[in-house]
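Subject: Structure for your review

Dear colleague,

Please find below the structure that I promised to hand over. My notes on what was found in it follow directly after.

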Amino acid sequence: TLANIIISQGQNMKPPRLPPVTRGKSARKACLVPACILVSLVVLKLVVPSRHFRASNFNPRGGFVAGSFCHPFALPKIKSHLSFRPRSPKKLTDMGPGYCLCADDETKSSIAGLKGCGSKPVTCETACAEHMIVGEKTAPCVQKTHPECSERFSHDNMQMPSDDIIELARAFHWAVGPHLGVQLPRGSRRDLYQDFAMYDRQMSKTDVAKVKRRIEKFKREAPAFPKKRVFHGRGIVIVGGSSPKFSTSFWVAIHAIRRTGSEIPIQIWFPDGELPDCRRISELNHLNVTVLSFPHLNRADDGFAEVTNRFMFKIIALLFSSFDEVLLLDSDNIILRDPEELFTSTPYLSTGSLLWLDFWGRSSAPDCQSILGNVTAVLHTHESGQLITKKSNTWEALALALFMNAHSYFFFPLTINYM
């Protein structure tokens, strides 16, 4: 038991070494008496449980768990459910981030005193007594059996893009064209001390004019929004993947949407070779989620084949999804309320789009304004992890975004700095 461990530790403790004295034997005895009393009190304190933590409810794992960064709900600094040795619940914490772990068992966890960076110190014993947040743990999942399929592409829940969308993808492929054939200024925008914009290095006027001509050519040749009813309705579009970063997060995101009570259709797109297995595709079908694969856009040899960067998957999924009104959502975003109300909000209805500010300020190089116009000289950036747009209202802007992503080797350094 805990008490036996503490007693054994107390028995193994060496008595403190007393400083030598030069007085007589009686004086040495007088000095030893208080020392013995002090040692006895220490051992007694260790053996006898306090009134707050009796042996019946003492949680040896309880205490303050340091956070990994400044947000009060950040993961523990030690990347596991609990820190191995939380700070004592009786001690005053420092001003760093973290939370007090009050209790934890198989059915629920209790925390209190959530703190960010620079917050006031707390005593976990007091925080847990005053205001405790209790979270219930879900029961272990029961494995469901699903009939396996030999070919995932033929699964009933796999949705093939329509012939009209395939034709659009082919037309965009030819409109995007080959390499721009221009050169950026010397330096790298990934490094503050090599950022060509910081040193006021700019492109040659010849290259600026060449890029402007290519953009105008793309605008002329890119397909217009189809008059035929190719896109219809509204829905959520997510890009999935097979790596642990994506394969877990999109499941969480989808379940969060359904827990709001929303039945809005969801499409999840997967890169080549990253489709989930048949059992998981069937499970997505139960959540009213249809599965698409980017290679399906390449049904013909001249389909939209080349993806120059992983971020490009998002604009492709948005542009070629079957929805007209799209909530594009990163797989690590969690929706807490029914998203339908966003589609009926005044800002969205009045503009055809709804964007969220990102944390960063403007980072585009001056050449960006020379090529795209001063309208791009905004003082902020926008988050691409969630956006709502009506494609029939914003088709030309989405098409240009596809062009810029297809030539990311040029436009990414032009618009994004080392941050």
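The secondary structure of the protein amounts to 14 helices and 10 strands, where helices (H or I, at least four residues) and strands (E, at least two) are DSSP runs numbered from the N terminus. Please note that this is a predicted model, in which local features need pLDDT of at least 70 and side-chain atom pairs count only at pLDDT 80 or more, whereas totals for chains, interfaces and linings use all residues. Residues are numbered from 1 along each chain as its sequence is written, and side-chain values use heavy atoms, with hydrogens and water left out.

An open sheet of 6 strands runs in the order S7-S6-S5-S8-S10-S9 with mixed pairing, two strands being paired if DSSP finds at least two bridges between them. Strands S7 (289–293) and S9 (353–361) stand at the edges with a single partner strand each, so one side of each has no neighbour in the sheet. From one strand to the next the twist averages 25°, with axes fitted as lines to C-alpha atoms (for helices over the stretch in contact) and angles running from 0 to 180 degrees between N-to-C directions.

Strand S6 (residues 266–270) pairs with S7 in the parallel sense over 5 bridges, and Trp269 has Leu292 in S7 as its bridge partner. Helix H13 (residues 391–406) packs on the sheet, where it touches S8 (325–329), S9 and S10 (380–390), contact meaning heavy atoms within 4.5 Å; the direction of H13 makes about 140° with that of S10.

Of the 419 residues of the protein, 40% count as buried, that is, under 20% relative accessible area with a 1.4 Å probe, protein chains only.

Best regards

Note on methods:
Buried < 20%, exposed > 50% of the residue type's maximum accessible area, 1.4 Å probe, protein only.
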